[in-house]
Amino acid sequence: MRVSEAWLREWVDPPVATEELASQLTMAGLEVGGVAPAAPPFEGVVLGRVTAADQHPNADKLRVCTVSLGDGEEQIVCGASNVAAGQLVAVARVGAKLPGGLKIRKAKLRGVESRGMICSGKELGLSEESEGILVLPEGGEPGVDVRDYLALDDQVIEVELTPNRGDCLGMAGIAREVGVINRLDVCRPVVEPQPAQNSARVAVSLEDGEGCPVYAGRVIRGIDNTATTPLWMQERLRRAGIRPISPIVDVTQYVMLESGQPMHGFDLNLLRGGIVVRRGRPGEKVTLLDGREVVVDDQVLVIADDSGARALAGIMGGADSGVSNETVDVFFEAAFFDPLVIAGRARRFGLHTDASFRFERGVAPGNQLTAIERATGLLLDIAGGEPGPAEQVTSEAFSTRREPVNLRRRQLHRVLGVEIDDDQVTEILTRLEMKVRNTDRGWAATPPAFRFDIEIEADLVEEVARIYGYNLIPEIDSTEQLPVMPDTESRVPMTAVESLLVSRGFREAVTYSFIDPALHEMLFPGVEGLALSNPISSELSCMRTSLLPGLLHALKQNVSRQRDRVRLFESGLRYVLQDNDLKQEKCVAGLIYGDIAPEQWAQRAREVDFFDLKGEVEALLALTGEPERFRFEPAAHPVLHPGQAAAILRDGETVGWAGALHPAHQRVLDLPKTPFLFEILVQGVFRAKMPGYGEISRFPSVRRDISLFVEESISAATLLECARQHAPKVLRQVFVFDVYRDSGIDSGLKSVALGLILQDYCSTLTDGEADATVDAVKAALIEDLKVKIRD
């Protein structure tokens, strides 16, 4: 939110400089992102009155203007199409310096002398775009410095509010915070009720009283919407980043900036019947003010009349009921919408409006009639008119009543570590517009209706701390004896897991714990995910049951940015619904995509495959010190390719999955290459073998090899496990060093070569002892797996 310092100081004027004011706001939790001047430096620019604008004799698109500057007249050649006699304009005199270092000099344009320049808003740094010269509102005399006339020696403070502080999305909220911080009273504008001068009214029906419990409105007839909005209002709008348009629009925008309450004006003569606040109907269309046509459904709240939906409630008005220069009768509306009903709806249609930004965070309930009265008074002063009665419709169940929250004196001291005087605590809470009652143990504070974020005692502790000043809370070393958490060797630390993955070329990703329900349903059909009651958006409304959706979304983002080789991992919780309970499981997941190595001259390019992924996972499993306890077995998983998916088992229990992404999912995600993914449970996998002393044999080892024919369906892991189970204790290691397939081998068989490392601790093995070990392994393989030993 952009805040004009000059406007803020009309509400509350603390005796601090701009830098200190910005620091105060930041330390109070309203982070200031930057402070910038309302206009860049320039000098020598004054008000001028165009007394004549004649056609240039040698150029069709130029005008020769005579401009009165108070102390005389100057001839200025101007190329703007909107210049006309009688206008009050900004004139850069000869010698003036404009933003960007431009210095104005005498010149001849197509043979006609020009002494100065009539400026546009862009040339003065007052706007990013200009369609012509800047025509100023009446009220100034020629020769007056433009900086003084527009009060440009002002600072604009950019406040970056957190989502819970919707109450500060208006000057009233910011001023209240500054007043509390500096213990100053706030001077609010006096809002006088405007008496009705006619009986015109619009009937309002709240068909969805939960989505819109409060709706206020008023008819004003006979206005002049071609009138000029006062300069002071135009400048306040501009400094807030809003372009002035017309009195009706400007007034509603100004009231929103002032109070935080969005408003809208309907052209009364374009409405048909009364106003109905209801849910959209399937297939119903609304043409918005920006010209776009959107299709709504029963998830979207709309403002309708007898002819159909006329506006998206809390987001944007409709083009077929909006005001224009021809509008003479207007219907003002101000409403309170449930933030949950508005949240995510604007993003659904690709919109982001000032109104939706405020309604999603919550506006002050019960402030709607005040906003109507304020807007009425401003519009009557600018454009005239006759107001009808101001009316408000409220649903039966609606109430602004809040329950008091107890704050214990002892708890406040325990959490902050400093004792704050009782009177100071009472003053802080009172200035925050809470109703405070002293109790034996502390205070009972009833939050105002607009503070949706205050519900428990910790919230009150935070309010006291930030206003008291975090910088005033002393740093005190703890005197308590803190328990030392034991560092067990029976588990692999996550730092070791993450470090290994990084060393193997992976980059750590941190994704949202909530995902798009559509993506969840695609990847895990039939698996119920926990739906959020207050999501950031509809695309992030389901708690993840796996880390893979987040990694796939990150992969898609990388691929769309021309990254053709991606290796990502993430460690975090997944949330699984089980027997009406939420089970939280720590997982590590990763993916590899693209070539096995970066492009280089020493290695031929090759895309990753299942066995590359298997090697990465096996490196992780080796951290446990017991890699032989894990097996990869073919199995089906909804995310993975039916023929390239494996369950990871530890002692027969499934602890993870690995494989290629399912081709159907790859097509939907528009990935040109196949990614390979894994996900393993931290609890089930990273139980480590306790280190222990082992004697190092003083005797040489012996190697023996076995070549055999085995069925294609038998995996290498099965062969190795069988060999380990039946070999004598002298077997130290067994491994596969060759796999061979050829037309000369019987169909359905493959040739596998095993290497056996044998070693004894007591003596050097004889050939007979080594051969006996090999024979035992051969016999077990033949009996259990029906292999054929090769000669």
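A pocket here is an open set of points on a 1 Å grid over the protein atoms alone, where a 1.4 Å probe fits, with protein on both sides within 12 Å along at least five of seven lines; lining residues have an atom within 4 Å of a point. This is a predicted model, where local features need pLDDT of at least 70 and side-chain atom pairs count only at pLDDT 80 or more, while totals for chains, interfaces and linings use all residues. Residues are numbered from 1 along each chain as its sequence is written, and side-chain values use heavy atoms, with hydrogens and water left out.

The elements giving two or more residues to this second lining are helix H5 (231–239) and helix H6 (247–259). Helices (H or I, at least four residues) and strands (E, at least two) are DSSP runs, numbered from the N terminus. H5 gives the most, with four residues.

Now for the largest pocket, which holds about 1400 Å³ of space, a volume being the space filled by probe spheres set on the grid points, which are joined across faces, edges and corners. Its lining counts 44 residues, and Lys 614, Glu 618, Phe 632, Ala 716 and Ala 717 are the closest to its centre. The largest share of that lining, eight residues, comes from H20. H17, E31 and E32 are among the other elements that give two or more residues.

Those names lead us to a sheet. It is open, with seven strands in the order E26-E29-E30-E34-E33-E32-E31 and mixed pairing; two strands pair if DSSP finds at least two bridges between them. Strand E26 (507–508) and strand E31 (630–634) are at the edges, each with a single partner strand, so one side of each has no neighbour in the sheet. Helix H17 (residues 610–621) packs on the sheet and touches strands including E29, E31 and E32, contact meaning heavy atoms within 4.5 Å.

Finally, look at two loop residues. Most residues other than glycine have a negative phi. Gln 562, though, has a phi near 65 degrees, and sits in the loop between helix H16 (548–560) and strand E29 (566–578). Gln 562 counts as exposed because its relative accessibility is 74%; buried means under 20% relative accessible area, exposed over 50%, partly exposed in between (1.4 Å probe, protein chains only). Asp 651 also has a positive phi, near 55 degrees.

Methods:
Axes are lines fitted to C-alpha atoms, for helices over the stretch in contact, and angles run from 0 to 180 degrees between N-to-C directions.
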